[in-house]
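Subject: Structure for you to look at

Hello,

Here is the structure I said I would pass on. Please open it and keep it in view while you read the notes that follow.

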Amino acid sequence: SSLDSIIITDRKGYVTRANKAFLELLDCEEEKIIGKHMSEFSPTEEGVYESTTRTLVEIDKEFFNDAKTKISRLVEERKIANWESYLMRSDTEVVPVEENIDYLYNGKGDIIGAVGIIRDITERKRAEEERARMNTRLKDKVTELSIMNEISEILLSTRELNEILHMILIAVTANQALGFNR
């Protein structure tokens, strides 16, 4: 019983077996999985989809081109490691996943299918998005502090009221233009 999804396909990519984690990942019953081609579990049309990360994901031509490239690489190299992609749940929500795919061989060395280990990376993507938001906030705060530091240096170096009032006016205008709330 693996926490990661495990799927086995025949040599043409049709599902022959799937573990419980894969069924839960796609929120599907086994009968709706067995016999389907693996491509049926990925988004098939360009568009904007809600993700399990609670953000919107744009599926565009680049997504489909990347998938074609990865499949070509699978054929050439006979395996794929750490391919980040999306699978479509039964409720049309997309799940960010990391796929590792390797061919299965018979005793003669002929390809008889493939095994895929698929990891749900929803939490990783949420953490990456949160880190990006925090980095943006940090950069904004650094910019704000830099402006405030320059203003304070100028205020300390001048004693004339007109110059001080002029600097305050510049500070208020800069804060409004940059969207600072303080």
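In what order do the five strands of the open sheet stand? The order is E2-E1-E7-E6-E5, with antiparallel pairing. Strand E2 (15-18) and strand E5 (79-88) are the edge strands, each pairing on one side only. On average, neighbouring strands of this sheet are turned by 30° against each other, direction ignored.

Before going further, some conventions. This is a predicted model, in which local features need pLDDT of at least 70 and side-chain atom pairs count only at pLDDT 80 or more, while totals for chains, interfaces and linings use all residues. Residues are numbered from 1 along each chain as its sequence is written, and side-chain values use heavy atoms, leaving out hydrogens and water. Helices (H or I, at least four residues) and strands (E, at least two) are DSSP runs, numbered from the N terminus. Two strands pair if DSSP finds at least two bridges between them.

The sheet and its helix

Strand E1 (residues 5-10) pairs with E2 in the antiparallel sense over three bridges. Isoleucine 8 stands opposite arginine 17 in E2. Helix H2 (residues 61-77) packs on the sheet and touches E5 and strand E6 (94-105); contact means heavy atoms within 4.5 Å. The direction of H2 makes about 145° with that of E5 (axes are lines fitted to C-alpha atoms, for helices over the stretch in contact, and angles run from 0 to 180 degrees between N-to-C directions).

Two loops

Aspartate 27 is found in the loop between H1 and E3. Its phi is near 55°, a positive value in a residue other than glycine. Aspartate 27 counts as partly exposed because its relative accessibility is 42% (buried means under 20% relative accessible area, exposed over 50%, partly exposed in between, with a 1.4 Å probe and protein chains only).

Glutamate 45 lies in the loop between helix H1 (20-26) and strand E3 (47-50). At 54% relative accessibility, glutamate 45 counts as exposed. Not counting residues up to four places away in sequence, glutamate 45 touches Ile59 and Phe64. Glutamate 45 and lysine 61 are 16 residues apart in sequence, and their C-alpha atoms are 9.2 Å apart in space.

Arginine 54 sits in the loop between E3 and strand E4 (56-59). Phi of arginine 54 is near 70°, again a positive value in a residue other than glycine. With 55% relative accessibility, arginine 54 counts as exposed.

Regards
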